[in-house]
Amino acid sequence: MSIKAVAFDYGGVIAFFQDADAMKDMADMAGIDESLMKKIYWDNRSIYDQGLVDGIGFYKHILTDIGVFADPDLLEKLIVRDMESWSHVNPKSEKLIRELKTSGIKLGILSNMVQDFLDRIKDTLPVFDLMDTNVFSCEVGRVKPDNKIYGILLSRLGCKAEELVFFDDLELNVNAALAMGIHSFLWTNPEEARKDLELLGVF
């Protein structure tokens with residue numbers, strides 16, 4: 001069966017992973033150690049990704065839990081720095097996506113993403129306009145690797161699992177997609193992704 005669609009994770013795939021200084025900058029703003037900021041951020045990120053809280057609620061929650069008072073100004077600064085840190089699109093990834101677009105393949109993004117990013121950054125990045133559909137965790141209330149979020153992607157793209165190729169930088173997300181019959185690959189770089197697509201006859 002031929003491939004009809006290709007979907008990508010966003011952070012670490014279409015865009016570079018969060019820039020190296022972001023967590024240190026946010027920790028400095030909050031007056032805590034970088035390792036502690038990283039722990040409370042990632043231990044609680046799922047509620048943010050699912051859209052259960054907004055940025056203000058998220059940062060207030062994780063800082064209050066460790067006894068740090070966060071005034072509105074600090075909360076806004078944390079959100080701004082966090083969102084900016086995910087905004088650096090890999091030009092080689094975008095080039096690959098544009099080439100796929102010209103081939104007539106349907107394109108999608110499947111990402112654990114927070115509403116603040118969509119509200120503040122998404123519309124400034126042309127790569128989002130290249131997609132036929134975008135499935136964001138904060139909008140559907142499901143996060144990868146929940147198989148229901150992959151089902152939503154398939155439904156929106158109008159294809160069967162075996163007609164879709166999916167790239168993600170996290171192995172557990174790739175494995176969940178593979179279990180559903182989706183052609184899934186662990187993302188390393190655009191060059192390797194192109195080779196994977198060539199093997200499937202996409203190029």
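Helix α2 gives the most to the lining of the largest pocket, with five residues. The model is a predicted one, so local features need pLDDT of at least 70 and side-chain atom pairs count only at pLDDT 80 or more, whereas totals for chains, interfaces and linings use all residues. Residues are numbered from 1 along each chain as its sequence is written, and side-chain values rest on heavy atoms, with hydrogens and water left out.

Back to the pocket, which holds about 470 Å³ of space. A total of 24 residues line this pocket, and Trp42, Arg45, Asp49, Asn112 and Leu170 are the closest to its centre. Both α2 (34-49) and α9 (171-179) supply at least two residues of the lining. By class, the lining splits into 12 nonpolar, five polar and seven charged residues. Nonpolar covers Ala, Val, Leu, Ile, Met, Phe, Trp, Tyr, Cys and Pro; charged covers Asp, Glu, Lys and Arg; the others, Gly among them, count as polar. As for the bookkeeping, the search runs on a 1 Å grid over the protein atoms alone, and a pocket is an open set of points with protein on both sides within 12 Å along at least five of seven lines, a lining residue being one with an atom within 4 Å of a point. Grid points are joined across faces, edges and corners, and the volume is the space filled by probe spheres set on the points. Rolling a probe the size of a water molecule over the atoms shows where empty space is left.

In β4 (residues 164-168), five of the five residues are buried, that is, under 20% relative accessible area, against over 50% for exposed and in between for partly exposed (1.4 Å probe, protein chains only). In a regular strand the side chains alternate between the two faces of the sheet. In β4, Leu164, Phe166 and Asp168 point one way while Val165 and Phe167 point the other, and all are buried. Strand β4 has a parallel partner in β1 (residues 5-8), over four bridges, where pairing calls for at least two DSSP bridges between the strands. Ala5 has Leu164 of β4 as its bridge partner. Strand β5 (residues 183-186) also runs parallel to β4, again joined by four bridges, and Phe166 sits opposite Ser184 of β5. Getting from β4 to β5, the chain passes through α9 in a right-handed β-α-β crossover; right-handed means that, with the strands pointing away from the viewer, the path from the first strand over the helix to the second runs clockwise.

Strand β2 (residues 106-111) is largely enclosed by the rest of the structure, because five of its six residues are buried. Four bridges link β2 to β1 in a parallel arrangement, with Ala7 opposite Gly108 of β2. Strand β3 (residues 133-136) pairs with β2 too, parallel and over four bridges, and Leu110 finds its bridge partner in Val135 of β3. The chain crosses from β2 to β3 through helix α6 (residues 115-120), and this β-α-β crossover is right-handed.

Leu186, in strand β5, counts as partly exposed because its relative accessible area is 42%. Pro190 belongs to helix α10 and counts as buried because its relative accessibility is 8%. Between the C-alpha atoms of Pro190 and Ile97 there are 9.5 Å in space, against 93 residues in sequence. Val202 sits in the segment after α10 (190-199), and its 13% relative accessibility makes this valine buried. The C-alpha atoms of Val202 and Ser103 are separated by 8.5 Å, though the residues are 99 apart along the chain.

Another proline, Pro145, is in the loop between α7 (137-140) and α8 (147-157). The peptide bond joining Lys144 and Pro145 is cis, with omega about 10 degrees. As for cysteines, Cys138 is buried at 11% relative accessibility and Cys159 is buried at 10%. The structure holds zero disulfides, a disulfide being a pair of cysteine sulfur atoms within 2.5 Å.

Key:
1 Å grid on protein atoms, 1.4 Å probe; cavity = no way out; pocket = protein on both sides within 12 Å on 5 of 7 lines; lining within 4 Å.
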